[in-house]
Amino acid sequence: MNMNMNNNYTLLSIGANCADYILNNLKRNFYQNKGNFTYNIVILDDCSTDNSRDIIEKYRSHPKVSLIIYNLANAGFTFLQWEKGFQYCEGELIWIAESDDFCKLDFLEKSITAFTDPNVVLSYTRSIDVNDRNEIIGLSYRQYYWCNFDFKKQGVEEINEHLY
């Protein structure tokens, strides 16, 4: 991929019943623009039964929010939500941020630099486990990853081996 760092990106925020987390997710996502890039946010709520919808609606008019979709029935599988969300994304990159995830304020700026290499088409980042009070309870999710080191390989190969 030949990246132009000024291009538009889409943050895809997906979740269900994340009322306790989604506010932190959205606030941090709104303030990512420290770099020389623009992005929009697409929010998909997978038929929440808590007050997630009330929280999301408070941000409907935020300039970064381009679309909010509420499923009428739960999709039952996270990757179905990803696939649904992809059709509404714009630009060269899509950042998938589950609604119970949050990040540092420089996350997007640091993450997109990998895409200046024209051979990079997919990127993973390290995660830290926190509890409902945002206290760190685990320094890594590496036990869930298939590898514990930086690597580069063909995107199609990675998807077929580990994501499909």
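Guide: Cys89 is buried, because its relative accessible area is 16%, and buried here means under 20%, with exposed meaning over 50% and partly exposed lying in between (1.4 Å probe, protein chains only). This is a predicted model, in which local features need pLDDT of at least 70 and side-chain atom pairs count only at pLDDT 80 or more, while totals for chains, interfaces and linings use all residues. Residues are numbered from 1 along each chain as its sequence is written, and side-chain values use heavy atoms, with hydrogens and water left out.

Cys47, in turn, counts as partly exposed, since its relative accessibility is 26%. A disulfide is a covalent bond between the sulfur atoms of two cysteines. When the whole structure is searched for such pairs, 0 disulfides are found, the test being whether two cysteine sulfur atoms lie within 2.5 Å.

Cys47 is also worth a look for its backbone. Most residues other than glycine have a negative phi. The phi of Cys47, however, is positive, near 65°, and this residue sits in the loop between strand 2 and helix 2 (52-57); helices (H or I, at least four residues) and strands (E, at least two) are DSSP runs, numbered from the N terminus. Asn17 likewise is not a glycine and has a positive phi, of about 55°. Asn17 belongs to the loop between strand 1 and helix 1, and with a relative accessible area of 40% it is partly exposed.

What does Ser52 touch, once its neighbours within four places in sequence are left aside? Ser52 is in contact with Asn17, Cys18, Ala19 and Asp45, where contact means heavy atoms within 4.5 Å. Ser52 lies in helix 2 and counts as buried, because its relative accessibility is 1%.

From these loops we can follow the strands into the sheet. Here 4 strands form an open sheet in the order 3-2-1-4, with parallel pairing. Strand 3 (65-70) and strand 4 (93-98) stand at its edges, each with a single partner strand, so one side of each has no neighbour in the sheet. From one strand to the next the twist averages 20°.

A last stop is a charged pair, Glu57 with Arg60, whose side chains meet in a salt bridge at 2.7 Å, N to O. The rule asks for a side-chain nitrogen of Lys or Arg within 4 Å of a carboxyl oxygen of Asp or Glu, and by it the count comes to 1 salt bridge. Glu57 is partly exposed, as its relative accessibility is 32%, and Arg60, at 41%, is partly exposed too.

For the protein taken as a whole, there are 5 helices and 6 strands, and buried residues make up 34% of its 164 residues.

Conventions: Two strands pair if DSSP finds at least two bridges between them. Axes are lines fitted to C-alpha atoms, for helices over the stretch in contact, and angles run from 0 to 180 degrees between N-to-C directions.
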